[in-house]
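User: I have a new structure to get to know. Can you walk me through it?

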Amino acid sequence: MSSELFLAAASTQAGSTDRIFFVLVALAGLIILFVTALVTIFAIRFRRGSRAKRGELPRIISREFELGWTAATLFVFLFLFWWAGSTQLSALVPPKSALEMHVVAKQWMWKTQHANGAREINELHVPIDTPVRLVMTSQDVIHSFFIPAFRLKKDVLPGRYTETWFTPTKLGAFHLFCAEYCGTNHSRMLGRIVVMTQSDYTRWLAAQPEGDDLARSGAALFVAAGCAGCHAPSSRVHAPRFAGIYGREAQLASGKRTVVDDAYIRNSILQPRRDIVAGYEPIMPSFAGILSDGDVMALTSYIRSLAAGATGRKGAAGTPNVLSGTPERSLAVSPGDVLPRDRSERAPQ
Ligand code: HEC
Ligand SMILES: [Cu+2]
């Protein structure tokens, strides 16, 4: 549907959302026409003084008709519920091959980061026809990530990760809004999503100013923030090592088991007392208030890179060569790449 009246539908999700919307409008329109017609016909037929019969209806009409339309509306209702519900639910689970990008919202801007570390402000460049998964958090208050042309809206909360994903289907620039009132300049918290062809995107990404590889800056933080003192393989403190833990299950002292994912690592860093790993003393200090959300994301990315089999990242600094997809960078992504992680599908919190 493209005309002045209708907003462009630029993602796969937009198509299915619009279909539901137009069917609902058509259905509601039909019902309005039907009811209005009946009201008009009856008003004329049974007007005062007309000779129309006003006695009781035949049994068959009052019973079978009643049953008939109750069943029909129930069926239509259940169908709509199933249709809209299943569309929404399937929109929650990103495909495994999705490119992962990070979004940090703050009063009043969107900071975005590509998996290779390239950063943007109030913009996000994405390749067309490629699923993009966003991992989002806020530095201050609640914001909401809203791209009308993609029919996509997801709250962005402080102290928590929310995830969403989309597959853009049209080239061009699309509005990004904050859809949750977040203070004085809320209405200026605007951005753009730029959808490019896959080759343009790869070229664009390679031309970005030397972004710190997210995992590499995490590796630096690992030392700078003092994590290495306990967690480095050479440390003499009795603390868990990180190689290979991402995506596995951790056995907790409480007897529970839990998957080591972004949220778990975040909790381990900010609230270490919450989930103690079995076999260790609760000696880890909390880093809440010391490390920013960006720091936590970097550390998480570092820990994940260890899971991918890469040990340390000693490669040459500089813009990674995404064009050839060099294998030494475990997080190197070019459109269509499968991210090197083995993670059970999980609905976003
Ligand atoms: C004083 C030593 C110490 C320091 C410093 C420390 N940790 Fe820990 N950490 C531990 C111990 C001991 C455990 C296991 C007990 C627990 O879960 O609290 C642990 C657990 C963890 C876990 C859960 C690991 C698993 O196998 O499930 C993560 C993730 C973690 N730490 C990350 C960090 C990060 C990131 C830093 C630096 C910002 C850090 N730690 C600093 C001692 C430390
Ligand atoms: Cu906002």
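User: How much of the protein is buried?
Analyst: Buried residues make up 29% of the 349 residues. A residue is buried if 20 or more other C-beta atoms lie within 10 Å of its own, exposed if 12 or fewer, and partly exposed in between, with C-beta atoms placed from the backbone. Keep in mind that this is a predicted model: local features need pLDDT of at least 70, side-chain atom pairs count only at pLDDT 80 or more, and totals for chains, interfaces and linings use all residues. Residues are numbered from 1 along each chain as its sequence is written, while chains are lettered from A and ligands numbered from 1 in the order in which they are written.

User: How many helices and strands are there?
Analyst: The protein has 7 helices and 12 strands. Both are DSSP runs numbered from the N terminus: helices are H or I with at least four residues, strands E with at least two.

User: What share of the contacts joins residues 24 or more positions apart?
Analyst: Such pairs account for 68% of the contacts with a separation of 6 or more. Two residues are in contact if their C-beta atoms, placed from the backbone, lie within 7 Å.

User: Let's do helices. What is the span of α1?
Analyst: Helix α1 covers residues 12-45, and its 34 residues reach 50 Å from first C-alpha to last. That is close to the 50 Å expected at 1.5 Å a residue. The expected span is 1.5 Å times one less than the number of residues.

User: How many of its residues are buried?
Analyst: The count is 2 among the 34 residues of α1, so to speak hardly covered.

User: And V76, buried or exposed?
Analyst: V76 counts as exposed, because it has 12 C-beta neighbours inside 10 Å. V76 lies in helix α2, residues 59-90. V76 and L27 are 49 residues apart in sequence, and 9.8 Å apart in space, C-alpha to C-alpha.

User: Which residues of α4 are buried?
Analyst: In helix α4 (residues 214-224) they are L214, A215, R216, S217, G218, A219 and F222. Just after α4, G226 takes a positive phi of about 90°.

User: On to the sheets. What is the strand order in the one with β1?
Analyst: The order is β3-β2-β1-β5-β8, an open sheet of 5 strands with mixed pairing. β3 (119-121) and β8 (162-166) stand at the edges with a single partner strand each, so one side of each has no neighbour in the sheet. The twist averages 25° from one strand to the next. Axes here are lines fitted to C-alpha atoms, for helices over the stretch in contact, and angles run from 0 to 180 degrees between N-to-C directions.

User: What does β5 pair with?
Analyst: β5 pairs with β1 (residues 99-106) in the parallel sense over 7 bridges. β5 also pairs with β8, in the antiparallel sense over 5 bridges. Strands pair if DSSP finds at least two bridges between them. E100 stands opposite R133 in β5, and V132 stands opposite F166 in β8. Strand β5 (residues 132-138) is mostly covered, with 6 of its 7 residues buried.

User: And β2 with β3?
Analyst: Those two run antiparallel, joined by 3 bridges. T112 stands opposite E120 in β3.

User: Which strands make up the sheet with β6?
Analyst: In order, β4-β10-β9-β6-β7: again 5 strands, open and mixed. The edge strands, β4 (123-127) and β7, each pair on one side only. Neighbouring strands are turned by 20° against each other on average, direction ignored. Helix α3 (residues 198-206) packs on the sheet and touches β4 and β10; its direction makes about 130° with that of β4.

User: How does β6 sit with β7?
Analyst: They run antiparallel, with 5 bridges joining β6 to β7 (residues 152-156). The bridge partner of I147 in β7 is L152. In their hairpin, with 4 residues between the strands, R151 takes a positive phi near 55°. As for burial, 4 of the 5 residues of β6 (residues 143-147) are buried.

User: Last topic: ligand 1. Which residues come nearest?
Analyst: C227, C230, P240, Y280 and M284 do, out of the 25 residues around ligand 1. A residue is near a molecule or strand if its C-beta atom, placed from the backbone, lies within 6 Å of it. α5 (227-231) and α6 (262-270) are the elements that give two or more residues to the shell. α5 gives the most, with 4 residues.

User: What classes are in that shell?
Analyst: It has 20 nonpolar, 4 polar and 1 charged residues. Ala, Val, Leu, Ile, Met, Phe, Trp, Tyr, Cys and Pro count as nonpolar, Asp, Glu, Lys and Arg as charged, and the others, Gly among them, as polar.
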